[in-house]
Amino acid sequence: MADATPPSGTGPLGKREARLAWGLLLPTIAAVALVVVLPLLAIFWISVKPVALADLRAPEPVLREDLRGGPEVVGDEAQIRYRLRNSSQDRPISAVSFSDVVPEGLVVQSVDARCVLEGRDLSCDLGDWEPGHRETLSIPVVVEQAYFDNDVAPQDSAASITGQSSNVLTNSDFTLDNFARVFSGDEFFEVVWVTLFYTVFGTIGALVVGLFAALLLNKSFRGQGILRGLYLFPYVAPVIAVAFAWLILFDPFSGSVNALLVQMGVSPQAINFFGERPLALIMVTVFEIWRYFPLSFLFILARMQSIDSDMFEAADMDGASPFQQFWYLSVPQLLGILSVLFLLRFIWTFNKFDDIFLLTGGNAGTRTLTVNVYEQAFAVSNIGAGAAVAVVIFGCLLTFSIFFLKYISQEEGL
Amino acid sequence: MNLLRQGYVTGPALGALWLVVLSVTVSVAMSFATGEAFRPSIVLSLAWGAVAGAGVVAFGRTRVVQLAVLAVMIAVIAVGIGPMETGADTGALAGLIGAAVLGAAFATSLAPILKDVVSGSLGRHEFEAAIIRFLTGFGYIFFTAIVLIPFYVMVMTSLKNQSELIQNPLDFSIDFSKGAELFRSYDELFSDFNFGTYLFNSFVISVTTVFITLAFAIPGAYAVARLRFRGQAAFSRSILLIYMVPMIVLALPIYIAFSMTGLRNSFIGIVMIYPVTTIPVALYMLQGYFRGLPSEVEEAGLMDGLSRLAVIWKITLPLSLPALASVSLYVFMIAWNEFLLAFMLLDDPSRFTLTRGIAALNSSEIPRQHLMAGSVVATVPIMALFLGLERFMTKGLTAGSVKG
């Protein structure tokens, strides 16, 4: 009798399961590749291109057509006029040509040397255009009765014009100027310092405040559910609504907080909370803490409620005081969730853009790396430099992620 | 430390600090409610609080002592040497109400805080418990204040007009005699600024995003949670990595691509992008839930001749309705609140979402009560939805990890 051996490798059932799994995942993978991976690759490409905001619109030849001379009776002379120009002031267009149909009833007398007339089809080869090139092409015609009968003007049949222009995004011009620009000067170090301050203090602040809130609500009493819902408000509300509410609350001229401070004698005159260094940076960090403490509060509370209460009773019997119980029992139990939250929040705070953009627009010493992407790309109109900042961000993130993956594999629950 | 743990030290110290907390709270609340001048006096608060604390420790926590504290508080505030001062032009009634509120709050809350604090030396337990009760009281006031004040200011500002706002930024009292006139800025938002369209756009885009996200995430989450294939672990980790990528980094190339293909200012473009930002979150939350479902039920279905897809449709999905609800709610919230992409990709006012519409209101020509009214319009639906389904939301948020 032959030895019975267990099957090795993946059997047909296993293969079918794997095929189904990939089939189910395919739409997600495709979508993510299209909207996440492709743009990420594009960022690297753009960061080494000398591309400005204006370059996104490729230069194109522009043509306007009308009939001059105002013919009134049969036999009048007139001109079909083509006004042509290069839409770009700084880039050439090569091999421009256009074609048009001359309306019935207009007899063409002569054509420009670059044009060919076949029947009523006019086509012209205009060659290469300099940046900002303009010219006018007139074609003399004589009017016949058919023109008045048909009532079709030359501009009614649109002329088609084509030309080739090199797109700066796809040509082979490469430059390292973008990176040189980003790294040059003290500005970059200020941006990095601001980002670090905002990220570190925003993260730690949100964790500590969230921990405090969780300790408050970690007992059951009437109205606990309402308070829990209430404390989540800052996180749930649209960022734009709460950011503007803060701006109005802290307005230097008519803000309630300033009125309150002056009235209570804390400050002799109104304080420009979001307009002064270094107060603005502290304020956006406080906003970040305010907006995201609910998230840490929620996670910490969930973890607290799963801690066994027997342990605390035993500690109580042994005479541990409340602070000792907190320090020696609760904190060690919470360390896992706290460290995971710290890593997650650290990365997300590092990535945060909207909050600072809405509160200060990156002014008054609050420009973080993410705000710098927007500043460079749209305010300074240098897309390439913006992309270079984005590459720097991506590099930092990759470092964090490696760290994060090392940790997350050890921590359960997330 | 031992000195602090004497009843005669702990009682007055906590009393003094507690009165400072309460007098600041009541002054701020009264200022916001009436617009008149209320000012806490820190030094006098400390003094009177210490006196009251000593009194409670010395005479016990009886009704008589509480009434005495109340009477003394109102009296000293009325005389003008109390923990809270009123301005010269503050109305007598408002001043009296403020004094009564502060006195009552202090008298009723001081005794419970100083429970077990007796004269003589205190055990570590009693001492720390008293401090924790003080911190708890402070915590409730602090958190409620920081959460409520911005929303209170938002709603009240939207009901005012420009001149009232400049005249006294603290006066949030509402003149009910104006009737429907109060809601003028809302009326103007909907009639002159097209907020009806924005509301509709936001709603359509958010709902579409929810459906597309679910259509992608459910099969994906099921595959990651249940099916065995090579690369499963790597895949579930790389999902996490995707939501580490900052939106602004993606927004730049997306802006370029959309500018070149003419997808800017179109719903299709927005609806193509939004789900991709939410699919990883939804997938992660759902796979956590699917893993928690008993696989025996599904295996029974397989044995009875259902195909995998039929199992998902007929067994897994009905069992995971609560998770689907919380994921939908969460995705809806992300799409509804999304600002950056809407801001960059939409320029045409007829295509604005609510958040983009509010951003357009932020100009010096448009009075700020309109800005705040717009903020209220954007906030109220999501708040109502959230409060109604809070249970789902909290569970969903903590079940899987969450993007912030």
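Residues are numbered from 1 along each chain as its sequence is written, while chains are lettered from A and ligands numbered from 1 in the order in which they are written. Since the model is predicted, local features need pLDDT of at least 70 and side-chain atom pairs count only at pLDDT 80 or more, whereas totals for chains, interfaces and linings use all residues.

**Exercise 1. Find which domains are assigned to chain A and to chain B, and how far apart their centres lie.**

Step 1. In chain A the assignment, which is automatic or comes from a database, gives domain 1 (59-164) and domain 2 (177-408). The C-alpha centres of these two domains of chain A lie 63 Å apart.

Step 2. In chain B the assignment gives domain 1 (7-167) and domain 2 (187-399), and 45 Å separate their centres, taken over C-alpha atoms.

Step 3. The contact between the two domains of chain B takes 7 residues from domain 1 and 7 residues from domain 2, where two residues are in contact if their C-beta atoms, placed from the backbone, lie within 7 Å. On the domain 1 side, helix α5(B) gives the most, with 4 residues; helices (H or I, at least four residues) and strands (E, at least two) are DSSP runs, numbered from the N terminus.

**Exercise 2. Describe the side of chain B that touches chain A.**

Step 1. Begin with the totals: the contact takes 83 residues from chain B and 78 residues from chain A.

Step 2. Then look for the element that gives the most to the side of chain B, which is helix α5 (residues 124-158) of chain B, with 16 residues.

Step 3. Sort this side by class, with Ala, Val, Leu, Ile, Met, Phe, Trp, Tyr, Cys and Pro as nonpolar, Asp, Glu, Lys and Arg as charged, and the others, Gly among them, as polar. The side of chain B has 57 nonpolar, 17 polar and 9 charged residues.

**Exercise 3. Work out how the strands of chain A pair.**

Step 1. Strands pair if DSSP finds at least two bridges between them. An open sheet of 4 strands in chain A has the order β1-β2-β7-β4, with antiparallel pairing, and its edge strands are β1 (61-68) and β4 (106-108), each of which pairs on one side only.

Step 2. Within this order, 8 bridges join β1(A) to strand β2 (residues 77-86) of chain A in the antiparallel sense, and the bridge partner of R68(A) in β2(A) is Q79(A).

Step 3. Turn next to strand β3 (residues 93-101) of chain A, which pairs antiparallel with strand β6 (residues 121-129) of chain A over 7 bridges; here I93(A) stands opposite W129(A). Strand β3(A) is also joined by 4 bridges to strand β8 (residues 160-164) of chain A, again antiparallel, and S99(A) has S160(A) as its bridge partner in β8(A).

**Exercise 4. Identify the residues that touch the most other members of the largest nonpolar core.**

Step 1. A nonpolar core is a set of buried Ala, Val, Leu, Ile, Met, Phe, Trp, Tyr and Cys residues joined through C-beta atoms within 7 Å. A residue is buried if 20 or more other C-beta atoms lie within 10 Å of its own, exposed if 12 or fewer, and partly exposed in between, with C-beta atoms placed from the backbone.

Step 2. The largest core has 168 residues, of which A245(A), A251(B), L252(B), A282(B) and L286(B) touch the most other members. Helix α9 (residues 279-305) of chain A gives the most to this core, with 14 residues.

Step 3. Apart from its neighbours within four places in sequence, L286(B) is in contact with A217(B), I218(B), A221(B), A323(B) and V327(B).

**Exercise 5. Locate the cis peptide bond in chain A and the residues of chain B with positive phi.**

Step 1. The cis peptide bond joins R277(A) and P278(A), with omega about -10°, and P278(A) lies in the loop between α8 (256-263) and α9 of chain A.

Step 2. N194(B), although not a glycine, has a positive phi of about 60°; it lies in the loop between α7 (184-192) and α8 (195-226) of chain B. N194(B) is partly exposed, with 17 other C-beta atoms within 10 Å.

Step 3. N265(B) also has a positive phi, near 60°, and lies in the loop between α10 (247-261) and α11 (267-292) of chain B. N265(B) counts as partly exposed because it has 16 C-beta neighbours inside 10 Å.
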